[in-house]
Amino acid sequence: MSDVQTWIKETVGSTPVVLFMKGTAQFPQCGFSGRAIQILKACGVQNIATVNVLDDPEVRQGIKDFSNWPTIPQLYVKGEFIGGSDIMDEMFASGELKTLIDA
C-alpha cells in the first residue's frame with residue numbers, strides 16, 4: 001500500500017465524518033462539493049472534516065483508487081464510503097444520511 005493510500009485509510013478510519021472535496025468547506029471549488037457541504041450542514045454536522053484534493057494530485061487520484069469511485073466529492077462516515085453528492089442528495093432527502101451520521 002502506498003503512503004497516500006495508507007494516509008487515506010488512516011484519515012477515513014480516525015475521523016467520524018470526512019469529505020474529500022474540491023476546495024474547502026468555506027470556499028468550495030465546484031458545485032458538487034458545495035452541495036455536499038450544504039447537505040452535511042443541514043444534517044447538523046458541526047465540524048466538517050474536509051480534504052481539499054486540489055492541494056495534492058496524489059491524494060486526488062489516490063482517493064479515486066481507494067474507493068474505486070471516479071468522481072469527487074466523496075463522503076466517508078465512520079470509515080465507510082457513502083458516495084458522492086448525488087448519493088448524498090438521495091440519502092438526505094430520505095433522512096437516511098442524518099440517521100447514519102447520528103448513529
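## Strands E1 and E3 and their sheet

Strands E1 (17–21) and E3 (74–77) run antiparallel and are joined by four bridges. One of the residue pairs to look for here is Phe 20 with its bridge partner in E3, Gln 74. This is a predicted model, in which local features need pLDDT of at least 70 and side-chain atom pairs count only at pLDDT 80 or more, while totals for chains, interfaces and linings use all residues. Residues are numbered from 1 along each chain as its sequence is written, and side-chain values use heavy atoms, with hydrogens and water left out. Helices (H or I, at least four residues) and strands (E, at least two) are DSSP runs, numbered from the N terminus.

The sheet itself is open and has four strands in the order E2-E1-E3-E4, with mixed pairing. E2 and E4 stand at the edges with a single partner strand each, so one side of each has no neighbour in the sheet. On average, neighbouring strands are turned by 25° against each other, direction ignored. Two strands count as paired if DSSP finds at least two bridges between them.

## The E3–E4 hairpin

E3 and E4 also run antiparallel, and three bridges join them. Here Tyr 76 has Phe 81 in E4 as its bridge partner. Two residues lie between the strands of this hairpin, and Lys 78 takes a positive phi near 50°.

## Helices across the sheet

H1 runs at about 140° to E1, and H2 (residues 31–42) runs at about 165° to E1. Axes are lines fitted to C-alpha atoms, for helices over the stretch in contact, and angles run from 0 to 180 degrees between N-to-C directions.

## Helix H3, from cap to end

Which residues of H3 (residues 57–67) are buried? They are Val 59, Gly 62, Ile 63 and Ser 67, where buried means under 20% relative accessible area, exposed over 50% and partly exposed in between (1.4 Å probe, protein chains only). The four cover an arc of only 110° around the axis, which puts them on the same side of H3; the arc is that of the directions from the helix axis to the C-beta atoms. Pro 57 and Glu 58, on the other side of H3, are exposed. The buried residues pack against H1 (3–14), E1, E2 (49–52), E3 and E4 (80–83), with contact meaning heavy atoms within 4.5 Å.

At the N-terminal end, Asp 56 caps H3 with a side-chain oxygen 2.9 Å from the backbone nitrogen of Glu 58. After H3 comes Asn 68, which has a positive phi near 60°.

Not counting residues up to four places away in sequence, Leu 97 touches Ile 39, Cys 43, Leu 75, Ile 82, Met 88, Met 91 and Phe 92. Cys 43 is in the loop between H2 and E2 and counts as buried at 2% relative accessibility.

## Two buried serines

Ser 33 lies in H2 and counts as buried at 0% relative accessibility. A polar atom of the Ser 33 side chain lies 3.0 Å from the backbone nitrogen of Lys 22. Beyond its neighbours within four places in sequence, Ser 33 is in contact with Met 21, Lys 22, Pro 28 and Pro 73.

Ser 85 is found in H4 and, at 8% relative accessibility, also counts as buried. Neighbours within four places aside, Ser 85 is in contact with Phe 32, Ile 39 and Pro 73.

Methods
A polar contact is a pair of N or O atoms within 3.5 Å; within protein, one must be able to donate a hydrogen and the other to accept it, and residues adjacent in sequence count only if both atoms are side-chain atoms.
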